[in-house]
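Work through the exercises below with the model open. Each task is followed by its solution.

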Amino acid sequence: MPQLYLNWLPIIGAAVVSTALGAAWYSPTLFGKAWLKAMGWSQEELESHKKGTRRSYVLGFVGALLMAAVLQHFIYFTRAQTAALGAKTGLWLWLGFIAPVFLAAYLWEGKSVKLLKINAGYYLVSLLVMGALLAVWR
């Protein structure tokens, strides 16, 4: 098996960017209001869910670190050295691993297609941006 290549500074940078993108993506300015409606939650229900926000952000950041580390590994072995090739690697990983999971959730959980688009769209954009960043920041 090939040796695992990890450069932590770009991984942390990509995770920070992904987390910031998520905060913007789910804000009322972008898709927060549509997401809330697609979840079937009222503003009051959202407020009650905010009790565990700190834990959610920490665990979400750990997940972003893991995703960035695995993405960096793929970028290293595909020899993607431009932003476009890094984004393309992110696209293929999204298409092969993220999209099918969200599709299955959509099919079995009975949530709206709007929720599918919002949530899967975030991960698509996140992987595109992280892939581009990781390819050029070695």
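**Exercise 1.** At what angle do the axes of helix α2 (residues 32-39) and helix α6 (residues 113-136) cross?

Solution. The model is predicted, with local features needing pLDDT of at least 70 and side-chain atom pairs pLDDT 80 or more, while totals for chains, interfaces and linings use all residues. Residues are numbered from 1 along each chain as its sequence is written, and side-chain values use heavy atoms, without hydrogens and water.

Step 1. The helices (DSSP runs of H or I, at least four residues, numbered from the N terminus) have axes that come within 9 Å and cross at roughly 135 degrees. Axes are lines fitted to C-alpha atoms over the stretch in contact, with angles from 0 to 180 degrees between N-to-C directions.

Step 2. The residues in contact (heavy atoms within 4.5 Å) are Ala-34, Trp-35, Ala-38 and Met-39 of α2, which meet Lys-114, Leu-115, Ile-118 and Asn-119 of α6. By class, this contact has six nonpolar, one polar and one charged residues (nonpolar: Ala, Val, Leu, Ile, Met, Phe, Trp, Tyr, Cys and Pro; charged: Asp, Glu, Lys and Arg; polar: the others, Gly among them).

**Exercise 2.** Which helix gives the largest share of the lining of the largest pocket?

Solution. Step 1. A pocket is an open set of points on a 1 Å grid over the protein atoms alone, with protein on both sides within 12 Å along at least five of seven lines, and lining residues have an atom within 4 Å of a point. The largest one has a volume of about 1100 Å³ (the space filled by probe spheres set on the points).

Step 1. Of its 32 lining residues, Gly-22, Tyr-26, Trp-35, Ser-56 and Tyr-57 are the closest to the centre. The lining divides into 17 nonpolar, 13 polar and two charged residues.

Step 2. Helix α4 contributes the largest share, nine residues.

**Exercise 3.** How do the residues lining the second largest pocket divide by class?

Solution. Step 1. The second largest pocket holds about 160 Å³ of space. Its lining includes Leu-66, Phe-74, Trp-94 and Leu-127, and α4 gives the most, with five residues.

Step 1. The division is 10 nonpolar, no polar and no charged.

**Exercise 4.** Which residues line the largest cavity?

Solution. A cavity is a set of points where a 1.4 Å probe fits but cannot get out. The largest has about 40 Å³ of space and is lined by Tyr-5, Asn-7, Gln-72, Ile-75, Tyr-76, Leu-134, Trp-137 and Arg-138.

Technical notes: Helices (H or I, at least four residues) and strands (E, at least two) are DSSP runs, numbered from the N terminus.
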